[in-house]
Structures are given as structure tokens and as C-alpha cells.
Amino acid sequence: MIVAFDFGISNTDVAIRNEDKINFFSTSSTKKKLNTKLIQDILISLEIDISQLKLIGVTGGKSSDLDDSLDGVKIVKINEIDAIGLGAKKLYG
């Protein structure tokens with residue numbers, strides 16, 4: 001399972017890919033400092049077992065300041081503009 005976060009000003013969007021299925025969620029962004037504890041809290045609220053994750057992708061906000069891993073799961077930091085372009089290419093071929 002792979003999880004990706006887009007930390008926006010008003011919303012935090014989450015995409016979860018499990019095999020060939022992708023689910024999308026959105027939650028109001030918090031004023032709390034962006035850190036791995038916040039990621040853990042969001043995963044827990046979505047009932048996602050961190051031990052089942054292969055990778056965590058992050059973009060937006062101050063995601064580049066995050067640690068490089070969470071409980072042994074690699075965190076990949078992606079520039080927001082690159083994420084938008086790559087997402088559009090994937091969605092529209």
C-alpha cells in the first residue's frame with residue numbers, strides 16, 4: 001500500500017493506492033506544525049495500519065521539512081509543481 005499526502009492551506013488531500021485500487025480522502029488542514037506525528041494521526045483517523053505501507057509520498061505545505069521516514073516507511077518528498085504535472089500525465093495518459 002502506498003499513501004500520498006498533499007498538505008494544502010485549507011485542505012489536506014490523501015490518496016491511498018492498494019494494489020490497483022486508489023481511494024481519495026480530504027480533510028481540513030490544521031494549524032499544527034507539519035511533522036510525522038500529524039501524518040500518523042491522519043493515518044489512524046483513516047484506519048490505515050502504518051505497518052502495511054510501502055511508501056509515503058508528500059507534497060505541499062512545508063513537507064520538504066519532514067523526516068525521511070516514519071516507523072521505517074520511507075517518506076518521498078515531491079515538489080508541488082512536479083506533483084501536479086506528474087498527476088495530470090498519469091490521469092490523462
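**Exercise 1. Find which residue just after α2 takes a positive phi, then describe the helix.**

Step 1: Helices here are DSSP runs of H or I with at least four residues, strands are runs of E with at least two, and both are numbered from the N terminus. Please keep in mind that this is a predicted model, where local features need pLDDT of at least 70, side-chain atom pairs count only at pLDDT 80 or more, and totals for chains, interfaces and linings use all residues. Residues are numbered from 1 along each chain as its sequence is written, and side-chain values use heavy atoms, with hydrogens and water left out.

Step 2: Now look at burial, where buried means under 20% relative accessible area, exposed over 50% and partly exposed in between (1.4 Å probe, protein chains only). The number of buried residues among the 13 of α2 is 0, so the helix lies largely in the open.

**Exercise 2. Work out where Thr59 sits and what its side chain reaches.**

Step 1: Thr59 belongs to strand β4 (residues 55-60) and is buried, at a relative accessible area of 7%.

Step 2: Its side chain comes to 2.7 Å from the backbone oxygen of Ile78. A polar atom of the Thr59 side chain also lies 3.2 Å from the backbone nitrogen of Glu80.

**Exercise 3. Describe the aromatic pair in the structure.**

Step 1: There is 1 aromatic pair. The ring centres of Phe5 and Phe7 are 5.4 Å apart and the planes stand at 5°, so the pair is stacked (centres within 6.5 Å for rings of Phe, Tyr and Trp, its six-membered ring; planes under 30 degrees apart are stacked, over 60 edge-to-face, the rest tilted).

Step 2: Phe5 and Phe7 are both buried.

How values were computed:
A polar contact is a pair of N or O atoms within 3.5 Å; within protein, one must be able to donate a hydrogen and the other to accept it, and residues adjacent in sequence count only if both atoms are side-chain atoms.
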